[in-house]
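Q: I would like to learn how to read a model like this one. Can we go through it feature by feature?

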Amino acid sequence: MCTLRLRIALKNAGYAVNYLYISVMEMMNDSNTYDTIVVGSGMTGGWAAKEFTEKGLSTLVLERGRDVKHVKDYPTANMAPWEFKHRGHLTRKEKEQYFIQSQKYNFDASSKHFFVNDQEHRYEYPEDKPFKWFRGYQTGGRSLLWGRGAYRFSDLEFKANAKDGIGIDWPIRYKDIAPWYDYIEKFIGVAGAQHDVWQLPSGKHYLPPFELNYGEKVVKERLEAHYSDRKLIPNPVAHITKAKPGQFKGRSACQSRNLCHRGCPYGAYFSSNSSTLPAAYDTGNLTLLSNTLVHSVIYDEHQDKAVGVRVINTQTNQTTEYFARVIFLCASTLISTAILMNSKTSRFSDGLANSSGVLGHYLMDHHSKVGGMGIMEGGEDRIYQGFRPAMTAIPRFRNVNGQEMDFLRGYGVWGGAYRQGTNAGQVGIGAGLKQKLTQYGPWIMSLGTQAETLPNYNNQVEIDENKNDKWGFPMIKVTAEYGENEMLMREDIYQQIEEMLEVAGLKDIEMHKETPVFGDTIHEMGTARMGRDQSTSVLNGYNQCHDVPNLFVTDGSCMVSSGNVSTSLTYMALTARACDYAVKQMKKGNI
Amino acid sequence: MNRREAIKKSTWIAKSAIFAPALMSAIQSCERKLSETENLLVLNDQQHRLIEAIADTIIPKTDTPSASEVKVPQFLDLLLKDVFDQEVTEKFLTGLEQFDEDCKQASGKSYTQLDQSHRNDYLEQIDREVMGKEYDTLIPFYFTFKQLCVRTYYSTEQGIKQNLNYVPVPGQFQGDIALGAGDKIMVGNQM
């Protein structure tokens with residue numbers, strides 16, 4: 001390791017002084033000391049690992065779950081339905097063990113090994129404020145399970161809080177993050193359409209989008225003829241639709257199986273496992289420890305900085321300490337926040353880097369589960385080939401060019417058309433039925449939503465130090481509920497989706513609206529927010545703790561507002577940007 | 001899987017979790033004999049024979065296998081043991097028993113004792129009355145039974161491969177192509 005560092009130090013004179021410093025620390029405990037520590041190996045941890053290792057820094061990634069290697073550890077990837085004992089059904093036992101996780105659409109016998117066992121991984125919430133927490137503790141975290149929608153925020157989001165006087169202003173604008181969106185999209189591969197919807201910017205490196213099908217083309221034409229403010233586009237997704245040889249190392253194009261949640265043997269969708277971690281391993285600078293739960297960050301009062309982390313081996317319960325110059329928390333919103341809360345010192349009695357007192361507050365999730373569907377007449381002679389792992393999107397159209405509704409912010413509409421498959425509910429028995437069952441039914445168009453949630457101080461995560469889990473980490477308690485603005489918005493969503501289905505000429509329209517449950521959209525964020533003012537935010541515009549400059553948090557914790565689009569791409573872009581900044585600060589000797 | 005798949009899936013599960021006897025007739029409580037055959041988990045032989053008789057009338061052997069040839073009844077037995085809540089299993093078995101009681105009332109014989117043409121005639125009547133409708137709280141036993149049979153059939157290897165267009169690796173997605181008359185539904189490995 002030292003030889004490698006020396007080589008890098010010689011190659012890049014900028015590092016020389018800093019490496020000398022590291023080597024002094026190493027004399028104390030060489031094997032436990034690295035240039036950088038990254039907590040978590042998911043969406044953002046994978047990126048931090050890739051960026052740091054590619055810049056020559058020895059990097060320790062700490063993952064609380066088991067190791068999952070790309071392809072090798074996707075045991076169900078090629079299994080047929082009949083190879084699963086209970087096929088698509090969840091057993092009573094599975095529903096007991098995974099009483100939260102099993103409620104998610106992509107949980108089944110083919111993917112359950114990528115979800116946590118709820119009986120083992122407890123958390124708390126008040127009885128009248130349910131919170132659903134969907135988690136995957138393994139290498140790659142939830143990057144194996146995500147919906148793969150890869151959306152950019154625009155200045156509609158970055159300026160929203162300042163405009164409305166809600167929460168605090170984002171410390172960055174679109175121009176600050178745009179080059180990093182480019183950077184991420186180029187590496188992960190995003191299939192998307194070039195369009196002129198400014199509030200959902202498209203990327204210049206987009207691969208060809210997944211095609212619309214016949215039903216969607218009809219709906220698009222009818223909607224766009226009727227509404228001047230709405231466009232129906234293929235949703236941008238982190239899938240490789242077309243690749244030149246060697247363009248995406250070790251990854252190849254999507255085979256339209258739509259089995260993504262089992263892990264993709266083609267590496268066609270982006271996950272840490274398929275993409276960032278292999279790149280980090282290739283440098284020779286990555287050490288990844290599995291089954292290693294971070295208990296707290298070690299803060300040194302005399303040096304006034306974070307010097308390392310205290311970890312617990314989840315198999316042996318043994319405690320160890322690791323040291324580094326720079327520490328990145330990428331452990332997912334609630335966990336990173338809880339780690340800071342669990343890292344109390346005499347200076348930071350309310351949690352590390354929490355002089356502002358906002359740590360744990362302003363928890364957000366999107367809200368969803370309003371939608372409808374209808375049957376389309378015609379198009380009986382049109383079909384698609386394959387199972388598209390993507391949808392169509394109608395980007396936000398409310399309050400885009402000024403405040404026009406009785407609620408703030410807005411929502412997007414997602415959905416798609418498909419031909420009805422084997423219709424088991426139809427009339428008929430015998431040979432006639434068998435014949436009819438092999439034939440496609442009509443086109444059906446379905447629309448749903450994902451909507452913005454305002455930041456609210458009262459929506460929060462706490463830790464209960466009097467109650468530890470079996471590894472000695474305090475119990476996490478979440479208290480959150482949707483407010484008046486979200487509820488008002490849901491009325492409009494319902495009306496607009498119903499109206500759009502009618503405008504699209506669909507028959508037998510069925511609408512649904514559920515009571516939204518916090519966490520259910522799996523976009524928890526905002527509990528260590530960024531900001532310009534250190535008295536009202538935990539992080540600055542580079543995801544750096546105001547109070548502890550060599551400590552960064554780059555997962556969803558940093559979010560200042562939620563927007564309505566899925567946030568993973570933004571987390572990745574902020575992470576890569578923060579890594580770039582941190583390395584420059586290290587070179588300057590500032591951290 | 002995406003949003004629409006999730007909607008389809010959950011709708012079906014929600015409905016299938018509720019059973020009511022055929023044609024909404026009253027539930028009668030009956031003593032039941034437990035399985036005597038080692039191969040069966042929950043069903044007794046008579047229940048198994050009854051399920052086989054109904055399932056093979058819904059999906060008979062043609063140039064492709066029948067429901068029982070791909071072991072649909074055995075899979076329903078497994079669902080009763082591992083998947084359904086106790087209450088649902090009870091309702092399923094009561095519904096099954098009631099189905100046969102209704103048949104005896106109408107024909108004087110157990111459904112299993114009817115010859116195939118009478119089985120067809122009897123089931124066609126029930127099928128016409130029950131299927132193709134929507135139900136709110138009470139779902140007729142037959143409504144759920146038939147859907148379970150059909151869906152189970154199309155989760156088996158031969159059920160899929162011999163009836164549908166099984167394409168586990170479709171390759172590049174094509175959004176809008178022609179569908180020929182008689183082209184079969186394409187399925188992959190999704191559950």
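**Reading the model**

A: Strands pair if DSSP finds at least two bridges between them. Strands here are DSSP E runs of at least two residues, helices are H or I runs of at least four, and both are numbered from the N terminus. This is a predicted model: local features need pLDDT of at least 70, side-chain atom pairs count only at pLDDT 80 or more, and totals for chains, interfaces and linings use all residues. Residues are numbered from 1 along each chain as its sequence is written, and chains are lettered from A and ligands numbered from 1 in the order in which they are written.

Q: Which residue of β6(A) is the bridge partner of V297(A)?

A: V309(A) is the partner. Four residues lie between β5(A) and β6(A) in the hairpin. In that turn, D304(A) has a positive phi of about 55°.

Q: How many residues does helix α7 of chain A have, and what span should they give?

A: The expected span is 1.5 Å times one less than the number of residues. Helix α7 (residues 174-188) of chain A has 15 residues, so it should span 21 Å; its end C-alpha atoms are 20 Å apart, which agrees. G189(A) follows α7(A), and its phi is positive, near 80°.

Q: Which residues of α7(A) are buried?

A: An α-helix has 3.6 residues a turn, so residues three or four places apart point the same way. Buried means 20 or more other C-beta atoms within 10 Å of the residue's own, with C-beta atoms placed from the backbone. In α7(A) the buried residues are I177(A), Y181(A), I184(A), E185(A) and I188(A). Their cover includes α9 (272-282) and α13 (568-587) of chain A.

Q: Into which domains is chain A divided?

A: Domain bounds come from an automatic or database domain assignment. Domain 1 of chain A is 33-189 + 270-364 + 457-479 + 524-591, and domain 2 is 196-269 + 367-451 + 482-517. Their centres, taken over C-alpha atoms, are 29 Å apart. The contact takes 36 residues from domain 1 of chain A and 38 residues from domain 2 of chain A. Residues are in contact if their C-beta atoms, placed from the backbone, lie within 7 Å. On the side of domain 1 of chain A that touches domain 2, α7(A) gives the largest share, five residues.

Q: How many residues of chain A are in contact with chain B?

A: Chain A puts 60 residues in contact with 52 residues of chain B. On the chain A side, α11(A) gives the most, with five residues. That side divides into 25 nonpolar, 25 polar and ten charged residues. Nonpolar covers Ala, Val, Leu, Ile, Met, Phe, Trp, Tyr, Cys and Pro; charged covers Asp, Glu, Lys and Arg; the others, Gly among them, are polar.

Q: In which sense do β10(A) and β2 of chain B pair?

A: β10(A) and strand β2 (residues 174-178) of chain B pair in the antiparallel sense, over three bridges. Q385(A) has Q174(B) as its bridge partner in β2(B).

Q: How many helices and strands does chain B have?

A: Chain B has seven helices and three strands. Buried residues make up 40% of its 191 residues.

Q: What is the mean pLDDT of chain B?

A: pLDDT is the predictor's confidence in each residue, from 0 to 100. The mean for chain B is 84, and 80% of its residues reach 70 or more. Over residues 1-35 of chain B, pLDDT stays under 50. The model scores ipTM 0.91 and pTM 0.92.

Definitions and conventions
Contact = placed C-beta atoms within 7 Å. Buried ≥ 20, exposed ≤ 12 C-beta atoms within 10 Å, placed from the backbone.
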